[in-house]
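Okay, thanks for coming, everyone. I'd like to walk you through one model today, a few spots at a time, so let me put it up on the screen.

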Amino acid sequence: MINILVYNNQTNRMEVHAKGLYEPMPYNYGRSLTVAEFRGRSNSDIIWTSRGVMDSWNTTRTAWGRPIYVGYAFRRIGEGGHSNQSQHYAGTSFDVGQNLSNADRNSLRNLAEQLGVWSYVEPAYLTPTWVHFDRRAGIPACAAGYPVMREGMVGVYVCTLQDALGTAGIPGVGIDGIFGPATQRAVIRFQSENGLTADGVVGCQTWTLLTSMTNGIWRR
Ligand SMILES: [Zn+2]
């Protein structure tokens, strides 16, 4: 079984769903996205996403009208494979259509743009052999990447933060998507150990250092 943490945009709460690999993802309609497809090449037994991301997937899959091959979606930051503040580590991003012809891939890319349910669809010149789309939330703390995080917040970026803190060797951080006192203590500890302002708020400097220290660390 895989534990799937889902941020429910409608209730502003985290949910935990336990599912088999070949069951559909929570909030997926028509079995068009299994846990195995979303987890992709990650080996993690805990993954996360949001209900909004699944809604965007459902809309895209329904409009496309046939299966969409998913090469890559969720990834733990320690597993690496992307830039330091990747939306794949937040469970909000898909790389799809690797099995399509160029023409079909362009159609899928255009469809994803036209539907307006994704925050970002990567242009063809950057990813000619697949289609990347993701759904983001909040204002990035740096020019790109994750939003500022502080105590009281919930959601997928809190999961990414907790994952990165644990990967950086800060003890006592579970992954539940809830930025409570234990997560705040872990942030302060990370900040003081690394010469950052120890205010417990994860802004651009803390995100940049934390993610660059942990990205891909499990395969080094
Ligand atoms: Zn991607």
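Let's begin with a helix pair: H2 passes H3 in a right-handed crossing. The contact draws on Thr 59, Thr 60, Ala 63 and Trp 64 from H2, and on Leu 108, Leu 111, Ala 112 and Leu 115 from H3. By contact I mean that two residues have their C-beta atoms, placed from the backbone, within 7 Å. Sorted by class, that H2 and H3 contact has 6 nonpolar, 2 polar and no charged residues. For those classes, nonpolar is Ala, Val, Leu, Ile, Met, Phe, Trp, Tyr, Cys and Pro, charged is Asp, Glu, Lys and Arg, and the others, Gly among them, are polar.

Some housekeeping before I go on. What you see is a predicted model, where local features need pLDDT of at least 70 and side-chain atom pairs count only at pLDDT 80 or more, while totals for chains, interfaces and linings use all residues. Residue numbers start from 1 along each chain, as its sequence is written. And the element names: helices (H or I, at least four residues) and strands (E, at least two) are DSSP runs, numbered from the N terminus.

Back to the pair. Two packed helices are described by the angle between their axes and the distance between the axes. H2 covers residues 51–64 and H3 covers residues 102–115, and they pack at about 130 degrees with their axes 10 Å apart. That angle makes H2 oblique to H3. The cut-offs are under 35 degrees for roughly parallel, over 145 for roughly antiparallel, 65 to 115 for roughly perpendicular, and oblique for the rest. The axes are lines fitted to C-alpha atoms, for helices over the stretch in contact, and the angles run from 0 to 180 degrees between N-to-C directions.

Let's zoom in on Ala 63, in helix H2. Leaving out neighbours within four places in sequence, Ala 63 contacts Leu 111 and Leu 115. Ala 63 and Leu 115 are 52 residues apart along the chain, with their C-alpha atoms separated by 8.5 Å. So is Ala 63 buried, exposed or partly exposed? Ala 63 counts as partly exposed, because it has 13 C-beta neighbours inside 10 Å. The scale is 20 or more other C-beta atoms within 10 Å for buried, 12 or fewer for exposed, and partly exposed in between, again with C-beta atoms placed from the backbone.

Now two buried ones. Phe 133 sits in strand E7, residues 131–134, and counts as buried because 25 other C-beta atoms lie within 10 Å. Skipping neighbours within four places in sequence, Phe 133 is in contact with Phe 94, Ala 112, Trp 118, Tyr 120 and Val 121. Val 70 is in strand E4, residues 70–72, and is buried too, with 22 C-beta neighbours inside 10 Å. Not counting residues up to four places away in sequence, Val 70 touches Glu 37, Phe 38, Gly 40, Phe 94 and Val 96.

Over to helix H6, residues 204–214. Which of its residues are buried? They are Thr 206, Trp 207, Leu 210, Thr 211 and Thr 214. They cover an arc of only 110 degrees around the axis, so they are on the same side of H6. The arc is taken from the directions from the helix axis to the C-beta atoms. Those buried residues pack against helix H4 (156–167) and helix H5 (181–193). Ser 212 is also in H6, but counts as exposed, with 12 C-beta neighbours inside 10 Å. After H6 comes Gly 216, with a positive phi near 75 degrees.

That brings me to backbone angles. Most residues other than glycine have a negative phi. Asn 12 has a positive one, near 55 degrees, and lies in the loop between strand E1 (2–8) and strand E2 (13–19). Arg 31 has a positive phi as well, near 50 degrees, and its loop runs between E2 and helix H1 (35–39). Asn 12 counts as exposed, with 10 C-beta neighbours inside 10 Å, and Arg 31 is exposed with 10 such neighbours.

That's my tour, thanks.

Note on methods. Left-handed = near helix turned anticlockwise from the far one by under 90°.
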